[in-house]
Amino acid sequence: MCGIFGFIGSDNVAGILIDGLRKLEYRGYDSAGICVKEENQLKIVKKKGKVDDLAREVKKTDINGVVGIAHTRWATHGEPNSLNAHPHFDCKGEIAIVHNGIIENYEALKEVLIDEGHIFRSDTDTEILVHLIEKFYSGNLEQAVIEALKLIDGTYGIAAISKNEDKIVVARKSSPIILGISSECKIVSSDAVAILEHTKNVIFLHDKEIAVLTKDNIKTYDLNGQAIDKKVEEIKWSIEQIEKKGYKHFMLKEIFEQPESIQNVTRGRFKEGKIKFSFELEPNDISRIIIIGCGTSWHAALIGKYILEKYVSIPVEVDYASEFRYRDIVLNGKELVIFISQSGETADTLAALREVRKYKSITTFGIVNVVGSSIAREVDMGIYLHAGPEIGVASTKAFTSQIMALFLLGLYLKSKKGNEIEKFIIEEINNIHKKIEQALNNHELVHSIALKYKNARNFLYLGRGINFPVALEGALKLKEISYIHAEGYPAAEMKHGPIALIDRNMPVVFIATQGRLFEKVLSNMEEVKARQGKIITITDYECRQLKNLSDEIILIPDTIEEISPIINIIPLQLLAYHIADEKGLNVDKPRNLAKSVTVE
């Protein structure tokens with residue numbers, strides 16, 4: 001997720017572009033850049049780091065123009081540096097573009113363009129697009145953009161300018177683009193928050209639509225070049241509401257972004273029924289797998305253990321990074337060691353990685369969300385989540401994306417052992433975002449349950465098998481943001497101690513989904529009910545016994561067991577959120593916690 005801003009009017013645009021980027025910096029914070037059309041040339045300034053770093057660089061230059069585009073980047077293809085920062089130029093420096101999204105067929109297109117003599121300067125997929133526009137450009141920028149987009153597979157929100165024309169051309173597919181319109185200026189932005197300072201009148205561009213912005217008007221077309229009439233709408237929200245897309249908190253917004261973020265992990269991964277990765281791993285060369293993480297990432301690692309042992313039949317260990325690095329670990333040199341971190345900068349995880357790298361024959365593997373982060377750079381290979389930035393400190397969408405990444409890795413290793421990936425599994429992956437949406441439809445029900453139990457002093461979360469880590473994660477979410485003591489346990493372990501805590505004041509959350517352990521979970525629920533505990537049940541199957549045992553039931557869609565935690569965690573995230581919110585706490589910035597833990 002990155003930030004796009006473009007402006008055309010009568011005033012010098014450089015400062016306006018910087019101000020627009022500041023409002024969008026939450027969308028990307030690795031690097032930033034602007035490009036301004038000054039008479040018949042394009043002037044570009046790019047800088048690694050924050051928008052303030054770019055602003056200082058722009059002050060050193062003499063840029064004066066009324067048309068410009070800008071971008072704040074959250075890296076996907078290519079590490080965060082000034083070279084990979086947007087905007088990107090064509091070969092001649094006559095066309096510039098900013099882009100959000102992922103171009104899936106960029107490698108094939110790049111080969112063709114190189115053969116035609118195009119010269120590339122960055123490691124980004126975006127640069128492919130500006131060279132395609134150059135290829136088709138003959139004096140009409142919008143026509144060149146249309147022709148270029150016909151060759152693109154993937155997602156995009158783009159803004160392009162040419163030194164020869166006083167216009168901005170924009171287009172979108174699965175990446176938000178909003179147009180601001182007033183008598184003094186026309187604006188393009190990836191978020192309305194950057195438009196409000198100038199106008200409340202906007203046009204929402206839809207998928208496969210293109211717009212041409214000049215000082216005097218905005219014209220919209222489809223990708224066949226046919227004119228479209230678009231409605232001008234008035235924004236009635238405040239800037240703060242816009243930043244959160246109308247959600248009260250970033251955490252809630254990020255919970256509801258999970259249908260999209262889970263698709264970002266899987267997009268482009270399947271080809272002819274097989275998993276497609278840029279790395280090569282041979283499971284027959286791996287003696288065991290070790291997965292290392294902290295906090296929520298450690299819970300995802302536990303789920304990964306169930307998945308990998310089932311699909312690959314290789315022993316899997318899961319370790320806290322902080323403990324692993326101080327153990328007298330016995331390694332034989334044939335391990336695959338997986339390091340999971342949302343930020344890619346978690347100090348303990350990074351230190352554990354550096355310990356393992358001392359063994360030259362061990363393969364290190366990263367699952368991270370931030371491209372170009374330390375872990376991403378230092379592992380041998382890995383998977384990027386592409387979940388977009390998480391602003392709320394308590395991780396939500398990164399957790400479900402980590403589970404999906406581990407699932408894809410398990411399927412990849414399974415296929416490498418000569419086992420076919422069943423069609424129903426691929427279908428389930430392709431439909432999982434719809435089931436997340438169904439689980440999110442319990443939003444109001446979960447809110448009503450939160451109202452009943454917000455004053456509880458303790459919670460117990462119980463699950464069996466692959467849902468035991470879900471219980472751990474649900475308890476962690478509640479602890480992190482509501483400051484209520486909560487513990488997660490394997491349901492069968494309850495009778496070995498925690499059962500002593502259960503009384504009429506103890507809410508117990510059960511993950512009771514269908515599977516071979518369902519009857520066992522029902523027995524554990526009977527034990528809680530006999531001691532007057534209050535039972536909140538997460539289930540994909542309603543039966544009379546379950547209804548009789550439960551004080552509250554949250555029904556979720558069923559899915560295959562290996563990815564059921566992605567669905568099952570949704571109501572637990574919502575429960576933690578609503579309890580914390582009802583208690584009047586700072587949901588996005590809970591006390592004592594940081595988003596990226598970069599100290600030991």
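**Legends to the views of a predicted model**

**View 1. Burial and surface of the protein chain.** Of its 600 residues, 60% count as buried, meaning under 20% relative accessible area with a 1.4 Å probe, protein chains only. This is a predicted model: local features need pLDDT of at least 70, side-chain atom pairs count only at pLDDT 80 or more, and totals for chains, interfaces and linings use all residues. Residues are numbered from 1 along each chain as its sequence is written, and side-chain values use heavy atoms, without hydrogens and water. The accessible surface is about 24,200 Å², computed by the Shrake-Rupley method with a 1.4 Å probe. Carbon and sulfur atoms hold 45% of that surface.

**View 2. Overall dimensions of the C-alpha trace.** Along its principal axes the trace spans about 80 × 55 × 45 Å. The radius of gyration of the protein chain is 25 Å, which agrees with the value near 25 Å for a compact globule of 600 residues. That rule is 2.2 Å times the number of residues to the power 0.38, over C-alpha atoms.

**View 3. An open sheet of eight strands.** The protein chain has 19 helices and 27 strands. These are DSSP runs, helices (H or I) of at least four residues and strands (E) of at least two. Eight strands line up as β3-β2-β4-β1-β10-β9-β11-β15, with antiparallel pairing. Edge strands β3 (41-48) and β15 (233-234) each have a single partner, so one side of each lacks a neighbour in the sheet.

**View 4. Where β11 meets β15.** Strand β11 (residues 201-204) runs antiparallel to β15, joined by two bridges. Pairing needs at least two bridges found by DSSP. Val-202 has Glu-233 of β15 as its bridge partner.

Definitions and conventions: Buried means under 20% relative accessible area, exposed over 50%, partly exposed in between (1.4 Å probe, protein chains only).
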